[in-house]
Amino acid sequence: MAANMYRVGDYVYFENSSSNPYLVRRIEELNKTANGNVEAKVVCLFRRRDISSSLNNLADSNAREFEEESKQPGVSEQQRHQLKHRELFLSRQFESLPATHIRGKCSVTLLNETDILSQYLEKEDCFFYSLVFDPVQKTLLADQGEIRVGCKYQAEIPDRLAEGESDNRNQQKMEMKVWDPDNPLTDRQIDQFLVVARAVGTFARALDCSSSIRQPSLHMSAAAASRDITLFHAMDTLQRNGYDLAKAMSTLVPQGGPVLCRDEMEEWSASEAMLFEEALEKYGKDFNDIRQDFLPWKSLASIVQFYYMWKTTDRYIQQKRLKAAEADSKLKQVYIPTYTKPNPNQIISVGSKPGMNGAGFQKGLTCESCHTTQSAQWYAWGPPNMQCRLCATCWIYWKKYGGLKTPTQLEGAARGTTEPHSRGHLSRPEAQSLSPYTTSANRAKLLAKNRQTFLLQTTKLTRLARRMCRDLLQPRRAARRPYAPINANAIKAECSIRLPKAAKTPLKIHPLVRLPLATIVKDLVAQAPLKPKTPRGTKTPINRNQLTQNRALGGIMVKRAYETMAGAGVPFSANGRPLASGIRSSSQPAAKRQKLNPADAPNPVVFVATKDTRALRKALTHLEMRRAARRPNLPLKVKPTLIAVRPPVPLPAPSHPASTNEPIVLED
C-alpha cells in the first residue's frame, strides 16, 4: 500500500512509450481535473541519452574532475559504463503528465564529494545529479545548491601565539572588531542609549521629505526607526567613540542635523516590492534569476537583504497563509495501483502467429545485454530488422536506467582506433599512391603520412556460420547492401544449434587448387616486364592532342585512334575506342612511337577524348552506358549506323564583320 502511494516531492518513473526507457520526474503538484482524473505537475530530469554528444563530453570532463578532487576508488569499465546510466541532469522545465503513467518510485540525490560512486550501483532505483541542463539554451551548468562539505571548505586554524610573541600578520586583512563585550558601560546605560538613537531616527524621518511621504504617520516613522539598521548604527557609534556616552550623543546629532539610517525595506518602492514578490513566486529563492529577469538595477546583496527583511513583514505572513489554504485544497497524495498490462514488445512464443507481440523471431537468439539463452520472458529490443531481444532482467534494467549492462554496437559503443578503412574511403592522392605505376618519389609527395596495413582474420566458427546459415545471412543480399548491419551474434547462435545436426552430414567442400607463388610471380612479370631504371635526362614534352602516341609503358594496353570501320558487329572497348587483334608490339618505327621515362610520366594520366568518341557516347543508350560501366573489361559492340561520321555542318556567315574601325551610328 505504501509503495503505491505517491506524494508531492517524490521522484517517480513515468512511462511515455512502451519501448523507450522510463522518464524520471519529481512531483511538484497533484491536481484533480474536471473529468475526475489526476494530473501531476512534475520537474523534468534528463538522462545522458537525452542530451547531445558535445554536452556528454562536457559531463565526462566534469566527472573526471570530480573523481580527481574526491579521490574516488578505481572502478572497472563495466561499472563506469553503468554509472553513466545513474547520472541525471536537473532542469527547471515543468510539464503535466497523467498520474496513471507512474510506474514506481526512485531516489535522486545531489552528488557530494564525500559520496562514493560505486555505492550507487549497489542500490536499486538510485540516481545522482551534479549539473543542471537548460533545454532551451542547450547548456550544462553547475548546480547553485551545492553543499560545501569537504577538506577544501574547512577553516584553517592557526597555532596559538606564545606569551610575549608578537602577531606578524597583516591586520588590515584581518577582521575588524565592532563590539567589545568587556566595555565599561552597564546594560541599563546601553539600553538608554538605544532609546535615544531610536528617537533621533524618528525625528530624522520627520525632517526628511521622502520619508514623510512614505510614512505619513508618527506611528509608522517610529516603527521604521526601531528596525535593526538603527540599532546597528547606535552600537557602532559607541564602539568608535570608546564607549563614551557624551561623544556618542554628539555623533548621533552632528552640526548638519540628525543622522538618518535607512535599510533596504525603506529604500525599495512599492512597485519594486511587487516585482520581487512576483519573481519569488516564479523562481523561488533563486536570486540570480530574480535579479536578471525582474530587478537588473538592484545588486545581489540588496535583493538578499530585502528578502530576509520582507520575511518579517505582515505581507509575508499573508502570502504564507494564502499558500497554506491553497495547498489544503490540493491533493496531498494519490494511490496508483501496480501496472500489470503486458508490454507490446513482449515476445509471446516462437510458435505463435508472426507479427503479433514481437513473435516470429529466430530460434537461438541470445540476450543483447547478458548473452544468456535462458529466460522466462523475452522482449523485442532495437531496430526491427536486427531481431534483437532482451531477457526479463535486462529489460527491467533498460526501462529504469536507459541503457544495457554492457556496451553494445547498437547502443553506441565506442569503436577502436584500429578500425579498417576500405580504399574507397581514401582521398585521391592516397589512392593514387597505392598504384603500382607510381614511382617512389611521387608517392612520397602524395603521402606525407603512411598508413598501416591491416588483416581481416576470421575464426572457424565464423567460416562455418557463413556456409551453414546462408538462409539467415543471405550473402548475395548483404553484398548488395554493405551498409546494412548484420546480427553476427544471432547467426553464430543459430550455427551452434545446427552444428550437432550437421556433423552427421558433413558439407561437401571442393578444394581449390592454388598455383605456387613462384608461378604467379612469373606470370605477372611476363605480362608487365619491368624496365631498367634509366638516368634522368631532358623531359620530353607531351602533346596531348596527338592521339597516336603511346601513353603507357611497353606491355600495357594503350589508347588507339578512332577509325571509321564498315560492317556490323565491330568490337569497341568500353571507352569508345576500337580494339585491335593484338597488343601493339615494340618493333614499330621510332617515328610513330614516343618512349616515355617512368619518372617523367604525368601524374595523374589524362585520357583525352575526341569528337568522334564523344559522339559515340551520345549515341549509346542509357542502359548500354551502365552496362559498359559495370564491366569495363568487356568489349562493346556498336552497330555500324552509330559509328557513321556526320558531315560537318557549315557555319552561317556573320552578318557584320568581326571587327571594324568605323564608328557605329544609331539612327532613329
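A polar contact is a pair of N or O atoms within 3.5 Å; within protein, one must be able to donate a hydrogen and the other to accept it. In this predicted model, such a contact of 3.3 Å links the side chains of His 85 and Tyr 397. His 85 sits in helix 2 (residues 77-86). With a relative accessible area of 8%, His 85 counts as buried, because that value is under 20%.

Three strands make up an open, antiparallel sheet in the order 10-11-12. Strand 10 (346-347) and strand 12 (388-391) are its edges, each pairing on one side only. Helix 14 (residues 392-401) packs on this sheet, where it touches strand 11 and strand 12. The direction of helix 14 makes about 100° with that of strand 12.

| Strands | Sense | Bridges |
|---|---|---|
| Strand 10 and strand 11 (residues 378-381) | antiparallel | two bridges |
| Strand 11 and strand 12 | antiparallel | four bridges |

Gln 346 stands opposite Tyr 379, and Leu 390 in strand 12 is the bridge partner of Tyr 379.

Which way do the side chains of strand 11 point? In a regular strand, they alternate between the two faces of the sheet. Here Trp 378 and Ala 380 point one way, while Tyr 379 and Trp 381 point the other way. All of these residues are buried.

Finally, the turn: strand 11 and strand 12 form a hairpin, with six residues between them. Gly 382, in that turn, has a positive phi of about 85°.

How values were computed. Residues are numbered from 1 along each chain as its sequence is written. This is a predicted model: local features need pLDDT of at least 70, side-chain atom pairs count only at pLDDT 80 or more; totals for chains, interfaces and linings use all residues. Side-chain values use heavy atoms; hydrogens and water are left out. Two strands pair if DSSP finds at least two bridges between them. Contact means heavy atoms within 4.5 Å. Axes are lines fitted to C-alpha atoms, for helices over the stretch in contact, and angles run from 0 to 180 degrees between N-to-C directions. Buried means under 20% relative accessible area, exposed over 50%, partly exposed in between (1.4 Å probe, protein chains only).
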